[in-house]
Amino acid sequence: MRLRVLITGSRAPVAILLARSLHAAGAVVYTADSLRPNFGQNSRTVTEDFCVPSPRFASHDCITALARLAREKQLDAIIPTCEETFALAAGRTNLPPSVRLLCPDIEVLEKLHHKGRGIAFAASLGLATPETCGQADLTREGILKRTYSRFSSHVIPLRGTRAQRQKAEAQKPPDNEGDGEWIWQEWILGKALCTYSLCHDGHVLAHAAYRTPYTVGLGAGIFYAAEHGPVYDVSLMAAQKLAAATHYTGSLSLDFIEEATGRLVLIEINPRATMGLALLSHQPAFAACWKVLLRTHPAARSSQPPSLDAKEGLILSGTGRRQLKVAMLLLGRERNWRDVFTTPDVLADPSDPGPARAALRIYLAYAWQAKKKKLSTMAFSTHDIEWNG
C-alpha cells in the first residue's frame, strides 16, 4: 500500500525537494501552508495543496485543520519542514493517533531552538561552543542576538573599542514579547559551515555539510556547496551526539564556525529542515532513508540504526553544489556569473517544471505582501509561522 504523507511549509523550496523524493519513492504526497501562493500549488509531485490557518496566530485552528485532513486523506504521516514544526509538536495530542508527526516532542524542540539553552546543552555533550550568557561582556568583542531569531536577524556585532561596543549595546531594541531576550555570545572568527541531517530515533541516516558562499544579508544561504573531509566528520559527530541525546527523529540543522586551526565551533541549532537537504534529495537513496523512517514503527526503539539496504550502517552524504537561482539572480551580492550559469537550480526538474517557472511570481507576490505589512521580504516569509517561545 502506498504511503500517504502531508508536508507542511510548502512556501519553502525545501518542502518541494522533499515532496519530489517521497513521490519518487511511491508515496502519495499532499502539502499545506497558510501562505499563498506557494510551491506546493505548482508541483506535479503534489496531489493537492491545502490552505490552513497560521501556525503562529491561529495555532489551534491550524492543528484542527491538519487533524481533519489526516482523517479525510487517511494520512500515514505529517512532515513539517519550517518553523510550523513547533506549533505542530505543541499540538501533537490533538492529531489522530493513527498519523505520525515526524518531529521531536516540543520540549526537545524548545531546548534546541533557544539560542542560549541550545548552546548550553551542546556544551554539556562535550561539543565546542562559544561562551554564551545573558549579560553583555563589553570587555571583549562579541555579538548580541535574540534567543529566538532566524536568518541571522536580530544580531548586533560588538566590535572595535570598548566605547564603540558600549554604544552598539546601548542601541539594541528593548526586549519585546515574541522576540525573546537578548543574549551575549563570544565572537568566533572563521568560516561558516552549515549541516543538515535526517535522523531516526537518535540515529543519523543522512548528513550534508556545506558552505553558503552567497547569502541574503548575514545568514540566509542561497548557494550550497557540499564539504567533505575533516569538517564533515566532526560535524557528523556533533549531529550524532545531539540526535542520540534527544532520541531525535526528523530534520536537524546545525551552524558552525571553522576556526583557522580547523576547530569547528557550534554556534546555533535549528531543529527543522534547511536547504542542505538539496545536496541529498537528488540521490535516490535519500528517498530510501525516508521510506525506512516512515515505515519503522515509532515504538520499535533500537540501539542500532535501521537498515537501508545492503550497505547497512553507511550514512548517506550530501554531494555537489546547488543554488536557489531566482534568489541568486535577484539578491546575490558580488556573485560570480559562472556559478549562476553552471550550478543546478534546486527548483529545476524537467519532470516537475512548475516550481521553477513559478519562482519569480511567488517571490514578487511575497515582496508585495511584505511591503503592505511594512516588513522585509525575508521577515514576511516566516512572519506567520515563527515560534518565539
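Reader: Which strands stand at the edges of the open sheet of five strands?

Author: In this predicted model, the strand order is S3-S2-S1-S4-S5, with parallel pairing. A strand with a single partner has one side left without a neighbour in the sheet, and this applies to both ends of the order. The edge strands are therefore S3 (48-51) and S5 (100-101).

Reader: Which residue in S3 is the bridge partner of threonine 31?

Author: Strand S2 covers residues 28-33 and runs parallel to S3, the two being joined by four bridges. For threonine 31, the bridge partner in S3 is aspartate 49.

Reader: What angle does the direction of helix H2 make with that of S1?

Author: Helix H1 (residues 13-24) lies across S1 (4-8), S2 and S4 (77-79), and runs at about 170° to S1. Helix H2 (residues 59-72) also packs on the sheet, where it touches S1, S2, S3 and S4. The direction of H2 makes an angle with that of S1 of about 160°.

Reader: How many residues apart are arginine 20 and aspartate 349?

Author: These two residues form a salt bridge, with the closest N and O atoms 3.9 Å apart. Arginine 20 belongs to helix H1, whereas aspartate 349 is in the loop between helix H10 (337-342) and helix H11 (354-373). The pair thus links distant parts of the chain, at a separation of 329 residues.

Reader: Is arginine 20 buried or exposed?

Author: Its salt-bridge partner, aspartate 349, has 24% relative accessibility and counts as partly exposed. The relative accessibility of arginine 20 is 10%. Because buried means under 20%, arginine 20 counts as buried.

Reader: Where is the lysine that pairs with glutamate 48?

Author: The side chains of lysine 73 and glutamate 48 meet in a salt bridge of 3.8 Å, N to O. Both residues are partly exposed, lysine 73 with a relative accessible area of 21% and glutamate 48 with 36%. Glutamate 48 is in strand S3, and 25 residues away lysine 73 is in the loop between H2 and S4.

Reader: Is glutamate 110 buried or exposed?

Author: Glutamate 110 meets arginine 117 in a salt bridge (3.9 Å, N to O). Arginine 117, at 43% relative accessibility, counts as partly exposed. Glutamate 110 has 17% relative accessibility and counts as buried.

Reader: Which residues are linked with Arg11 in a network of salt bridges?

Author: The structure holds 16 salt bridges. In the network that includes Arg11, the linked residues are Asp33 and Asp384.

How values were computed: Residues numbered from 1 in each chain as written. Predicted model: local features only at pLDDT ≥ 70, side-chain atom pairs only at ≥ 80, totals over all residues. Heavy atoms only, no water. Pairing = 2+ DSSP bridges. Contact = heavy atoms within 4.5 Å. Axes fitted to C-alpha atoms, helices over the stretch in contact; angles between N-to-C directions. Salt bridge = Lys/Arg side-chain N within 4 Å of Asp/Glu carboxyl O. Buried < 20%, exposed > 50% of the residue type's maximum accessible area, 1.4 Å probe, protein only.
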